[in-house]
Amino acid sequence: LNEPKNHGAFVEKVGQGCEAAKALRCKLMTVVAGDDVPGISQEQMHANVIEGLKKAAPVAERHGVTLILEPMNVRVDHKGHCLYGSAPAIRIVKAVGSRAVKLNWDLYHMHITEGDLCGHLREGFAADAIAYLQVADHPGRNEPGTGELRYTRVFQELKALKYTGYVGLECVPKTTAEAAAQAVYAADNW
């Protein structure tokens, strides 16, 4: 997305993805901005992402699918990724201006990048920029309760914000997938 030469292929892939999403009755499709491009400023890469998403948004709108852009963290897992942090991600969604382009707000990435999860969630919801949330703890990207994040507090904030969408678990279970799912249930049981 961060290079105009890729936009045509991106729009084509979005169309193919929307067909698959329809078959699976999926309404959300994660997209990423891409890695840094040597010789191109971050500001220009973000402008290119906006341009690419504006081209793909009508395709997603026709199919009833929301493209959810995922900012990453560049400290631990995605060194060199061109989109990280809530402020630039929200700016991109607002600049695209389509109901079919929102954010995949991965709380693990946001915690590593900037912290203040509840404050940034409030900003993201106030901007109507968030469509989906993912959770994992830090360090280790394991299930809630295994690291430093206090998900019971974050889930209380989500309730106060009246979030009723999906919360995905994207983690590496410390033991089993079932134990990880139980940890999420426990974090949401306040």
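**Exercise 1.** Determine which residues of helix 3 (residues 86–96) are buried and which elements they pack against.

*Solution.* The model is predicted, and local features need pLDDT of at least 70, side-chain atom pairs count only at pLDDT 80 or more, while totals for chains, interfaces and linings use all residues. Residues are numbered from 1 along each chain as its sequence is written, and side-chain values use heavy atoms, with hydrogens and water left out. Taking buried as under 20% relative accessible area (1.4 Å probe, protein chains only), one finds S86, P88, A89, I90, I92, V93 and V96 buried in helix 3. Next, with contact meaning heavy atoms within 4.5 Å, these buried residues pack against helix 2 (42–63), strand 2 (66–69), strand 3, helix 4 and helix 5. Just after helix 3, G97 takes a positive phi of about 70°.

**Exercise 2.** Describe the packing of helix 4 (residues 107–114) and helix 5 (residues 117–126).

*Solution.* Two packed helices are described by the angle between their axes and the distance between the axes. Here the angle is about 115°, and the axes lie 10 Å apart. Helix 4 is therefore roughly perpendicular to helix 5, a class that covers angles of 65 to 115 degrees. The contact is made by L107, M110, H111 and E114 of helix 4 together with L117, H120 and L121 of helix 5.

Conventions:
Axes are lines fitted to C-alpha atoms, for helices over the stretch in contact, and angles run from 0 to 180 degrees between N-to-C directions. Helices (H or I, at least four residues) and strands (E, at least two) are DSSP runs, numbered from the N terminus. Angles under 35 degrees count as roughly parallel, over 145 as roughly antiparallel, 65 to 115 as roughly perpendicular and the rest as oblique. Buried means under 20% relative accessible area, exposed over 50%, partly exposed in between (1.4 Å probe, protein chains only).
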